[in-house]
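Hi,

Here is the structure I promised to pass on to you. Have a look at it first, and then read on for what turned up in it.

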Amino acid sequence: MIDRLDPLATGDDDFDIPFRPWKNHPAAGVDFPDISITTVDAPLTRRMVDELAQRVPAKVEILAGIDIGGLGLAGALACRRGLGFFDIRKVDSLRNGVMRSIMANYELGEGVVISKGARLAGRHVAIIDDCLISGGTALAAARLIRRLGGHCDTALFVFDIEGMGGRERLAGGGITAEVLRTVPRIAPEGEGA
């Protein structure tokens with residue numbers, strides 16, 4: 001049984017994606033939509049992955065899941081679409097000996113990294129994460145993928161927080177943001193974890 005659901009995530013169809021808002025996270029005045037109460041429900045997860053799968057361009061060969069919210073989504077979506085996938089990690093989560101390259105990312109402090117095993121040169125990669133906020137993490141990931149010879153012009157998200165400028169920032173970097181649902185910056189009073 002899923003505990004308290006917030007049905008505020010709205011989109012072009014009638015599929016509401018439940019979430020738990022984390023009050024004032026990552027900053028005061030912003031409530032992060034935690035997707036974990038949805039991903040424990042298999043039918044909801046399947047439908048969410050199916051909706052994301054419809055938004056993956058045909059040219060994409062590999063999905064890049066951003067640590068931490070995008071990792072599970074990338075694996076599920078890769079399996080659904082028959083694609084490869086790899087992880088984009090925070091610098092502190094990998095030992096120096098296994099890091100392939102680093103890209104500065106001021107949202108996460110030290111930056112993002114890709115492990116040495118990812119073969120990206122000449123391949124089309126789409127980024128996936130649970131939530132688009134300012135776009136800094138996804139933009140850093142795309143720049144890193146491009147630096148390693150990959151082509152990256154698409155990023156997929158379950159949520160976009162209204163008024164944070166993420167879509168515009170990504171568009172400025174040549175990346176189309178595909179989003180399932182837009183959520184308000186601040187959840188109504190009485191909601192939150």
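Please keep in mind that this is a predicted model.

Next, the aromatic rings. How many aromatic pairs are there? The count comes to two.

One of them is formed by Phe19 and Phe159: the ring centres are 5.3 Å apart and the planes stand at 65 degrees, over the 60 degrees needed, so this pair is edge-to-face. Phe159 takes us back to strand E8 (residues 151-161), while Phe19 lies in the segment before strand E1 (20-22), so the pair links distant parts of the chain, 140 residues apart. Phe19 and Phe159 are both buried.

Trp22 and Phe32 also pair, with ring centres 5.3 Å apart; their planes are at 40 degrees, so this pair is tilted. Because Trp22 belongs to strand E1 and Phe32 to strand E2 (residues 32-34), the pair ties together parts that are 10 residues apart in sequence.

Are the two partners buried or partly exposed? Trp22 counts as partly exposed, at 33% relative accessibility, whereas Phe32 is buried, with a relative accessible area of 12%.

Enjoy exploring it!

Best wishes

Note on methods. Residues numbered from 1 in each chain as written. Predicted model: local features only at pLDDT ≥ 70, side-chain atom pairs only at ≥ 80, totals over all residues. Heavy atoms only, no water. Phe/Tyr/Trp six-rings, centres within 6.5 Å; stacked < 30°, edge-to-face > 60°. Helix = DSSP H or I, 4+ residues; strand = E, 2+ residues; numbered from the N terminus. Buried < 20%, exposed > 50% of the residue type's maximum accessible area, 1.4 Å probe, protein only.
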